[in-house]
Amino acid sequence: KAIAAGIQVSHLDHHMYVLHARPDLIELYIRLGRDYGIPVRYIRFLPGEILNVNDPRIVKAYQDGLMALENAGYPVLDKIDARNYTVAAEEKREYYLHFLSELRPGVSEIPIHCAYNLPGDALAPAIDRREADTRVFRSEETAEAHRREGIRVITWREFTVKMGEK
């Protein structure tokens, strides 16, 4: 429906890693991306912190999906930070600066949950952690960490084009 409405879809995303719970959902996710020619959010290495690596059906579905994406020339992430959501608000700055300093070459995704705690508005869950994400990623200190570490922030569209050139 989004495509039919003229929306340019940049990628498919498995919110909160829910598709990693069942092999058939992993397969459907990959198929939808390929059927519609849309990149899917997928990591090159088995994400043990978010994937049940003790279930051989899930592991096989994940590995098959990775192979299908790579064989078709789809972009695949090298790292996803799947742990930051639960970091306490007062620890976010240190957590992210350390994470950025430890990044290795490749394409990494850091899902952040930005929000402001404004009086009178309905509050998002974990508003203190979300507001901390906003402060950290809007700070000059984080911009300086990007420069110092040689990190370039890109969009999904840039990622797709860049990977398509290889």
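Glu90, Glu91, Glu94 and Asp128 form a negative surface patch in this predicted model. A patch is built from residues with over 30% relative accessible area and no salt bridge, like charges being joined within 9 Å and nonpolar side chains (Val, Leu, Ile, Met, Phe, Trp, Tyr) within 5 Å. Lys and Arg count as positive and Asp and Glu as negative, while His and the chain ends are not counted; the place of a charge is NZ of Lys, CZ of Arg, CG of Asp or CD of Glu. Accessible areas come from the Shrake-Rupley method with a 1.4 Å probe, and for residues only the protein chains shown count as cover.

Because the model is predicted, local features need pLDDT of at least 70 and side-chain atom pairs count only at pLDDT 80 or more, whereas totals for chains, interfaces and linings use all residues. Residues are numbered from 1 along each chain as its sequence is written, and side-chain values use heavy atoms, with hydrogens and water left out.

**Overall architecture**

- The secondary structure of the protein comprises 6 helices and 2 strands; helices (H or I, at least four residues) and strands (E, at least two) are DSSP runs, numbered from the N terminus.
- Along the sequence, these elements follow the pattern α-α-β-α-β-α-α-α.
- The C-alpha atoms fill a box of roughly 45 × 40 × 35 Å, taken along the principal axes.
- Of the 166 residues in the protein, 35% are buried; buried means under 20% relative accessible area, exposed over 50%, and partly exposed in between (1.4 Å probe, protein chains only).

**Surface patches**

- Glu90, one of the residues of the negative patch, is located in the loop between β1 (79-80) and α3 (92-102).
- Glu90 counts as exposed because its relative accessibility is 68%.
- A nonpolar surface patch of about 360 Å² is made by Ile3, Leu28, Leu32 and Tyr36.
- Within this nonpolar patch, Leu28 belongs to helix α1 and is partly exposed, with a relative accessibility of 32%.

**Salt bridges**

- Side chains of opposite charge can pair when their charged atoms come close.
- A salt bridge is a side-chain nitrogen of Lys or Arg within 4 Å of a carboxyl oxygen of Asp or Glu, and the count by this rule is 15 salt bridges.
- Glu109 and Arg41 are joined by a salt bridge between their side chains, at 2.5 Å from N to O. Glu109 lies in strand β2 (residues 108-109) and Arg41 in the loop between α1 (23-36) and α2 (56-71), so this pair ties together parts that are 68 residues apart in sequence.
- Arg44 and Glu70 form a salt bridge whose closest N and O atoms are 2.4 Å apart. Because Arg44 lies in the loop between α1 and α2 and Glu70 in helix α2, the pair ties together parts that are 26 residues apart in sequence.
- Asp55 and Arg57 meet in a salt bridge at 3.0 Å, N to O. Asp55 is buried at 13% relative accessibility, whereas Arg57 is exposed at 54%.

- Asn84 lies in the loop between β1 and α3 and is buried, with a relative accessible area of 2%.
- The side chain of Asn84 reaches the backbone oxygen of Pro111 at 2.9 Å, and the backbone oxygen of Asn84 lies 2.7 Å from a polar atom of the Lys92 side chain.
- Lys92 is part of helix α3 and is buried at 1% relative accessibility.
- Ser101 is also found in helix α3, where it is partly exposed at 31% relative accessibility; its side chain reaches the backbone oxygen of His98 at 2.7 Å.

**Separations in sequence and space**

- Ala88, in the loop between β1 and α3, is partly exposed at 24% relative accessibility.
- Ala88 and Ala126 are 38 residues apart along the chain, and their C-alpha atoms are separated by 9.6 Å.
- Ser101 and Glu140 are 39 residues apart in sequence and 16 Å apart in space, C-alpha to C-alpha.

Key:
Polar contact = N/O pair within 3.5 Å; in protein donor to acceptor, adjacent residues only side chain to side chain.
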